[in-house]
Amino acid sequence: TTQNKAFLNPQQSCSAAGAKLSTPKAERRNHKTGAPSTVRSNDRSRFTVHGSQQHNKTTTTTTMSLKNDSDYSYDNNDNTDNNDNTHQERRARRMALDALEQNSHESLATVWKDLPHRFRIDKEFVLQALRSNRALPPKSEFERSFPQSLRFDRDVVLAFTARSDFRELFNERHLYPPECLTKDKEVMMAYCTQIPRSLQECSEELCDDRDVVSAAIALDGLELQYASLRLQEDRDIVVQACQGDGKALEFCPPGPVRDGLVKDRNFMLSVLRQHGGPMLRLVPNNLKHDPELLLEALKHGMRFRYCPFEYQSDKAFLIKALAHRSELYIEFNPTTQQDVDLCKAAMVSESSTPLVHKRVLEISPQLIQERAVVLALCQRGEASLMKQVIIESEHAATFQDDEEIMLTAVQRNCKLFSYASARLKQNVAIIMAALDAESAADVLAAVGHEALRQAPQIVVRALQVYPRRHLRLLRTH
C-alpha cells in the first residue's frame, strides 16, 4: 500500500486500472475491496516502468561508455599537444638562458629586450642577467618591470649586491634594501660592507650584532652612531671606528670607556690624525696644552678659537700651524694678522688658497715683491692675479726672466709665453709647456729656426697638439 501511494498520483488517471481515482478516499476504498485487477494492473505498471527505467539505464550506460572512449581518444591528442608545447617551451628557455650567459659582443640590454615578457619576469632569467659581467639593461626595462615578488626576493637582492658595480648601481638606481629584508643578516651585511649609512636601515637586532656593526664601521667609522648603546660602549668597536674616522669618538657615550680612551695620548694622536681635530675638546686639560696634539688638531679641522690662549700669540707655533693649514690665518685676530712673517708664511704654505692670498695682500701688499710669494701665486693663486703680477707689477721684468716663475706661469696659461724674456723664449721646457692647439703656431713663429733644429721634439709636439685641418698653416721656419 505504501508503494502504491508513492507511485500512484490521485490527481492523475490510471490507464492500467481503467478507473479514475479522484481522491485519496477512493484509493483507500479500492484497497479495502481488494480488487485484484487494480492491484495487478498497478503491479504491471510498476514492473513495466521499472523495466523501462532499467533499459534506459543500460542504454545510457552504453552511450556513456562510448562517449568516454571517444573522450579518451581526444585526451590522448591533447596530451600529445601538451608534450610538444612543453618541449618547445623548455627549448626556448634553454636558448634564452644561453644567450644571457654567453659574453658576446651584443649588449645585455639588447638581449634582454628581445626576450618574451614571460621570461623578463622569471626569477631564473633575472638571476642569470645579474650574474653576468655585462652592464645591466636600463632601470625602466629591468627592475621596474619586476613584480613585487621579485623586487623583494632575497636571492635577487643578494645577486644585485654581489655585482662588482653595485655601488654605482645603488647610486644610479636607488637600490635601497627592502624593509622586509632589514632583519636578514646576510643581506644587510652585504649592504653594510659596500654602502655607507646602511647600518641605519638595519633592524634593532642587527644594530646590536657585533659582526654587522664591525662590517659597517670598517667602511665608515661614523656608522658607530647607528649601533646599539651596548656596542657604542664597547672599547674594541670604538677603537675600530676611530681608526676609520676620528670623529667617531664623539658617538661613544660618556662613561668609563670614553674616559679611559681620551686619557691615552697615543690613541688621541691617532684619532686627531684621522680627521678628528675637533675631538681634542674631549681630552683632559693636561693634554689640551700638548703642542704636538694641538698642531695635529689644528691641521685636521679644529677651529683656531679652541686653541689655548697662550698658543694664540706664540709666533713660532703659529708659523708651524700655517705650514699645515694656511686657512687658519683668516681666523687670526686682526692684530695677529698684521705680522709680516705670519702673512708670508700663509702665502707660501703649500695649502694656501686664493682666498688666503687675497686676504694677505690686502693687509700686506708689499709682499708682492717677494719671489716666493709670486711663485706661490703662480702655483695656487687666481689666474687673473698671476697675470697681473707678471705683466703689470713693478718688478715684472725680473719675474719675466725667472725660469721657475715663467715655467709655472706658462704651464697654467700658455699665452703668458709671449711675455717671457728673449732668453727664456729659447728655453726648451718653457716652449714645450706653451704648446697647445691655440698657441702652437704663434710659439713656433716666435722661436728661432736654430732652436727648432737643436730640439726637434718641439716640432713633434706641435704636430701632435695642432688641429690637423690647419696643419698647412703651421710654419716651422
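**Talking through the model**

Q: How many helices and strands are there in the chain?
A: The chain has 32 helices and zero strands, where helices (H or I, at least four residues) and strands (E, at least two) are DSSP runs, numbered from the N terminus.

Q: What should I keep in mind about where this comes from?
A: This is a predicted model, in which local features need pLDDT of at least 70 and side-chain atom pairs count only at pLDDT 80 or more, while totals for chains, interfaces and linings use all residues. Residues are numbered from 1 along each chain as its sequence is written, and side-chain values use heavy atoms, with hydrogens and water left out.

Q: OK, and how much of the chain counts as buried?
A: Of its 477 residues, 40% count as buried, and here buried means under 20% relative accessible area, exposed means over 50%, and partly exposed is in between (1.4 Å probe, protein chains only).

Q: Switching to helix pairs, how do helix 23 and helix 24 cross?
A: The axes of helix 23 (residues 340-348) and helix 24 (residues 354-363) come within 9 Å and cross at roughly 155°; axes are lines fitted to C-alpha atoms, for helices over the stretch in contact, and angles run from 0 to 180 degrees between N-to-C directions. The two helices are therefore roughly antiparallel to each other, since angles under 35 degrees count as roughly parallel, over 145 as roughly antiparallel, 65 to 115 as roughly perpendicular and the rest as oblique.

Q: And which residues make that contact?
A: Helix 23 contributes Cys 343, Ala 346 and Met 347, and helix 24 contributes Val 356, His 357, Val 360 and Leu 361.

Q: What about aromatic rings, how many pairs does a search of the whole structure find?
A: The search finds eleven aromatic pairs, counting rings of Phe, Tyr and Trp (its six-membered ring) whose centres lie within 6.5 Å, with planes under 30 degrees apart called stacked, over 60 edge-to-face and the rest tilted. One of these pairs is Phe 142 with Phe 146, which is edge-to-face at 5.0 Å centre to centre and 65° between the planes.

Q: Then what about Phe 170 and Tyr 176, are they buried or exposed?
A: Phe 170 counts as buried at 11% relative accessibility, whereas Tyr 176 is exposed, with a relative accessible area of 52%. Their ring centres are 5.2 Å apart and their planes at 75°, so this pair is edge-to-face.

Q: Last topic: what is the phi of His 174?
A: His 174 has a positive phi of about 55° although it is not a glycine. Most residues other than glycine have a negative phi. His 174 lies in the loop between helix 9 (166-173) and helix 10 (185-192), and at 47% relative accessibility His 174 counts as partly exposed.

Technical notes. Contact means heavy atoms within 4.5 Å.
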